[in-house]
Amino acid sequence: MKRAVRTGWRKALRSILLGLAVLAALVIYAYGFQVTKVNLDEVRSERRQTQLVRILRALAQPDILTYPEEEVTLSAPFYMPCPAVPPQQREINPRQPYLLVTPSCVEPGGRAQVEAFNLEPNADAIIFLVPNSEVTLRLDTLTTDASGHILAEVELPERTSEAEQAIRVVTRQNVGRPRFSRTAYDTWDKIIETVFLALLATTLGTLIAVPLSFLAARNLMKGITISALGLALAILAAPIGVVIGSWIASRLVGWTVSISGSTLVSLSGAVAGTAVAWIVTRWALPPVELAPPPVPVRLARIVALFAAALAAIIGIASISQVLIQAGRAVEGWLPSLVFLGKFVGDLGDILQLLLTGVTALAAAGLMVSLGGKLSRALVVGLPRLGLRFAEMIASVLAGALLLALLGGAWEWLYQVGRPDVTLYLPAGVGAALGLALSLRYGGRDAIPVGLAVYYLARTIFNGLRAIEALIMAVVFVVWVGIGPFAGVLALSLHSIAAMAKLYSEQVESILPGPLEAITATGATRIQTIIYAVIPQIIPPYISFTMYRWDINVRMSTIIGFAGGGGIGFLLFQNINLLNYRAASVQMLAIAIVVATMDYMSSALRERVV
Amino acid sequence: MLSVRQLTKVYEGGVVALRDVTFEVPRGQFLAVIGLSGSGKSTLLRCINRLVEPTSGTVVWGDIDITAAPQEDLRRIRRRIGMVFQHFNLVHRSSVMTNVLAGRLGYVSPAWSLINRFPAADMAKAIHQLERVGIADKAHQRADELSGGQQQRVGVARALMQDPEIILADEPVASLDPVLAHSIMQYLEKINQEDGVTVLCSLHFLDLVHRYADRAIALNEGQLVFDGLPKEIDDRRFKEIYGKDAERVG
């Protein structure tokens, strides 16, 4: 009995809660209606409906085909008012188009019947009154019937003249076969641009997102820890490496460019540089090493590797020179292949730009690893107290450097102009933080630097992903100007963030077994990634890249709305010009291309994965 | 000589997987590690090559303290300890050859393996090891096209590529039928006897322990509860190891 009462109560409570939920939903949707200004009167209004019909009709008639047109003009003499001597009847050939006006003269403001024969069937015909001033007056517009006949009664304006006037009928008729319209050609050009825009953005995005995705994979980053001393030395060493690396690279590239005046010189530079780099690297990095080599050999190897790096920089700079020169040569010889020459030249240019950046990064990496080696040597070699002391000093310096650099960025962005706020204060705070960290984590391999990088990468990717490519395009348009290049950059940036996140989730979901097995063989972290991780992620990576290519094609169709080039630019223009028949062509093109890409990528995905 | 002293592993979240485990393995011994699932066998084997970081205690191998070795020395230590897994842990989409060659990763220069180049000697060695386990004809197939028994043979070949002095086998035959189980165990026995490789092998079935092991240790809830000859495991000992409700099978 008691239980029955309780269940009854519970049921009632449930009903009340349900009622409240329905009520809450009602309020939410009511507010939604108000906020989004749902207006049914507008939907029903006569004026709006006529407009809608007009647009729909225009959209239903895409301006794809045109016919070459020919104007046929028929003319008949006409008098207003009637002259004293009645005008003579003209000769009429009943097989040719001809025009009859009855009567052939009226009093001002009178009416006349206009009849024409043997015109093009179903063509537009315009009836004019042509006074002798030749300022034509349109009287009527109509369409010829299936036999090319028109009959109209026109009211004549008061244009009196003693002289002969004329009634003229002008028809436009399509002659010959249909041709693609100007709009169709423009649309074709732009849709090609759109597809290539998506292609470049996807390629660029993939190239950059793949390596970054490993940084955002928890299972790879979790295990990486570093001692406070190692971290501090790495932070101190990295900027030094960047400075040294970019200095060396820019010097060497500049020198290579200055001596490679002719293709022969740069070609030999390219061959010699890469050959020397390859041979020296082969000597300095023996394929198998059973025991650590003696110190002199190690030193010699370091020197050799450094020389190899210099040779490689010269070699690559020469290659880029060769490319640039080859590009120019192609442009000179084969004017029809100018775009190829320009592409090759641009490749050389990009290579030169990348070379400096990559060298700077590589030097930074080298310095960081040297810092790590130094810290481990110190951990082994120094007495405990000395170690703690060294650690504290390094941490203080590193903290100060890091925050001073951040302060520099702050100064650059906001132009505060007060070094005490943007330099000394951050440096002081950084030093204090470094000290605190070294006291907290000192002595052990305890700072989870891998996880820190993981969270940082994830945060950046999520932030970038949240900004739509359309908005990024606005910034890039300011930088590189309106056009597809801005669209490529914007879509690339968005693709990098989106794909790096998707890829890293794939890395996180790989089987841990092979990872464990490869680690157990003594493989380094990079070897583990190459032998255990990459084989597992290739299918999902390919699949996601194709999916992204799909998305990029769709995005590139509207990136033009923000000035990013592609077909969207044309569509946006035509919509603003109320040229809906042209806009309709572009919409059709977008639909066809997106659907085709969709189908192709899913078919390919099925085959590859 | 491998000596494990007072090894303790407490996982994050407070699960005690190993508690004060101490034992020694002389060079060339075939040691079986037995115990229920979850008794800490896998953790024990993984603490020896530090796939799992022990919480406290030491593992000393010859004159090397494995537990104190810094990361870069770990590479040189691990490459001489082969490992065979219950689920084979092959890289499915790679070829059998690549899987076997992966056993040399601890030896080859990382820079060259980046572009997938192995010395010719290693290639020959890989073929030889595949011949030794009888599947040289499968060298260029994808690993996941092989049957379970064949995959485990690839796993053994991969471990052999390391020129190991110790092989850690973590329930190597638990996913195989009895006939295949014996064939894999015979490979391990052969490696143990012909090459003098120390084998630490965790096993579920006592008949396998009796047939192949020189000595057995048993874990129960992370503690060492038995250390002796396999034939010494009588019914009383059995109940100590597996709990009083357990019944012998096989």
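Okay, let's start with chain A: a compact globule of 609 residues would have a radius of gyration near 25 Å, but this chain has 39 Å. Keep in mind that we're looking at a predicted model. Along its principal axes, the C-alpha trace of chain A spans about 130 × 105 × 60 Å. As for what it's built from, chain A has 18 helices and nine strands.

So how is chain A divided up?

What share of the residues of chain A count as buried? It's 33% of the 609. And if you take contacts in chain A between residues at least 6 apart in sequence, 77% of them join residues at least 24 apart.

Now chain B. Here we have nine helices and ten strands. The radius of gyration of chain B is 18 Å, close to the 18 Å that the globule rule gives for 250 residues, so chain B is as compact as a globular protein of that length. Its C-alpha trace spans about 55 × 40 × 35 Å along the principal axes. Of the 250 residues in chain B, 46% count as buried. For contacts in chain B between residues at least 6 apart in sequence, 67% join residues at least 24 apart.

Next, where the two chains meet. On this interface, 25 residues of chain A are in contact with 28 residues of chain B. Which helix of chain A gives the most to the side that touches chain B? That's helix 16 of chain A, with eight residues. Helix 15 (512-520) and helix 16 of chain A each supply at least two residues of that side. Sorted by class, the side of chain A that touches chain B has 15 nonpolar, seven polar and three charged residues.

Let's stay with helix 16 of chain A, residues 525-558, and bring in helix 14 of chain A, residues 484-508: their axes come within 10 Å and cross at roughly 145°. The crossing of these two helices is right-handed. If you want to click on the residues that make the contact, helix 14 of chain A brings, among them, A:Gly487, A:Leu491, A:Met499 and A:Tyr503. From helix 16 of chain A, you can pick out residues including A:Ile537, A:Tyr541, A:Phe544 and A:Arg548. The residues of this contact divide into twelve nonpolar, five polar and one charged.

While we're on helix 14 of chain A, have a look at A:Ala486, which lies in it. Is A:Ala486 buried or exposed? A:Ala486 counts as buried, because it has 26 C-beta neighbours inside 10 Å, and the cut-off for buried is 20 or more. Leaving out residues up to four places away in sequence, A:Ala486 touches several residues, including A:Ala473, A:Phe476 and A:Val477, and also A:Gly563, A:Gly564 and A:Gly565. A:Ser45, on the other hand, is 441 residues from A:Ala486 in sequence and 42 Å from it in space, C-alpha to C-alpha.

Last topic: the backbone. Most residues other than glycine have a negative phi, and most peptide bonds are trans. Let's go through a few exceptions.

The peptide bond from A:Met80 to A:Pro81 is cis, with omega near -5°. You'll find A:Pro81 in the loop between strand 2 (69-80) and strand 3 (98-102) of chain A. Another cis bond runs from A:Thr102 to A:Pro103, with omega near -10°. A:Pro103 lies in the loop between strand 3 and strand 4 (111-117) of chain A.

Then phi. A:Asn122 isn't a glycine, yet its phi is positive, near 55°. A:Asn122 sits in the loop between strand 4 and strand 5 (124-130) of chain A. A:Asn122 is exposed, because 12 other C-beta atoms lie within 10 Å, and the limit for exposed is 12 or fewer.

Over in chain B, B:Glu171 has a positive phi of about 45°, and it's not a glycine either. B:Glu171 is in the loop between strand 7 (166-170) and helix 7 (178-194) of chain B. With 19 C-beta neighbours inside 10 Å, B:Glu171 counts as partly exposed.

Definitions and conventions
Residues numbered from 1 in each chain as written. Chains lettered and ligands numbered in written order. Predicted model: local features only at pLDDT ≥ 70, side-chain atom pairs only at ≥ 80, totals over all residues. Helix = DSSP H or I, 4+ residues; strand = E, 2+ residues; numbered from the N terminus. Axes fitted to C-alpha atoms, helices over the stretch in contact; angles between N-to-C directions. Left-handed = near helix turned anticlockwise from the far one by under 90°. Contact = placed C-beta atoms within 7 Å. Nonpolar A, V, L, I, M, F, W, Y, C, P; charged D, E, K, R; others polar. Rg over C-alpha atoms; globule rule 2.2 N^0.38 Å.
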